[in-house]
Amino acid sequence: MTLTKAQKDFVVNRLKSQWRQVKLKCDGFEVTLGLIQVTDTKLAVEIYINNFFKGTWVLNPEKHIESKFLPIRYLWLWSPKEKKEILKKFGKRAAYKNFPDLDKRLEHKTTHFTSGRAAINHLIKVCDSIELITEIPG
């Protein structure tokens, strides 16, 4: 079971309004999404699974099923500027010979999503079943 377009829009709009949270039932877990203020001008969507957030889900994601709900961030080993300079200096063949990890990126889990839409799209992608627990008014 997945969310309808109206339910997705409700989740995103509710998370846009400050101090709101949305509860979802995802693959048997209760997932709570809540809006938090990261800096003076930046907002983020925090995630709790069964009303908890454990650091071990971020540090050892392969050992915990709950970590599939967490957002994934990527960090390139070489920045695009550095990669461009290396390719220009060495040429494509020599660059990949001397720098075999030129296209490598590191993946890690993190604690919050950048927006409500990013959160709901990620949950739809990784979950087999999603139900909205928070009631839609009206």
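This is a predicted model: local features need pLDDT of at least 70, side-chain atom pairs count only at pLDDT 80 or more; totals for chains, interfaces and linings use all residues.
**Close-up views of the salt bridges and nonpolar core**

The structure holds four salt bridges (side-chain nitrogen of Lys or Arg within 4 Å of a carboxyl oxygen of Asp or Glu). Residues are numbered from 1 along each chain as its sequence is written, and side-chain values use heavy atoms, with hydrogens and water left out.

**View A. Salt bridge between Asp27 and Lys68.** The closest N and O atoms are 2.5 Å apart. The pair links distant parts of the chain, 41 residues apart: Asp27 lies in the loop between β1 and β2, and Lys68 in the loop between α2 (55-59) and β4 (72-76). Strands (E, at least two residues) and helices (H or I, at least four) are DSSP runs, numbered from the N terminus.

**View B. Salt bridge between Lys83 and Asp103.** Here the closest N and O atoms are 2.4 Å apart. Lys83 belongs to helix α3, whereas Asp103 is in the loop between α4 (92-98) and β5 (105-109).

**View C. The largest nonpolar core.** This core (buried Ala, Val, Leu, Ile, Met, Phe, Trp, Tyr and Cys residues joined through side-chain atoms within 4.5 Å) has 25 residues. Leu24, Val31, Leu33, Ile47, Phe69 and Leu123 touch the most other members.

**View D. Buried residues of α1.** Phe10, Val11, Val12 and Leu15 are buried (under 20% relative accessible area, 1.4 Å probe, protein chains only). Their cover includes β1, β2, β3, α5 and β7, with contact meaning heavy atoms within 4.5 Å.

Methods: Buried means under 20% relative accessible area, exposed over 50%, partly exposed in between (1.4 Å probe, protein chains only).
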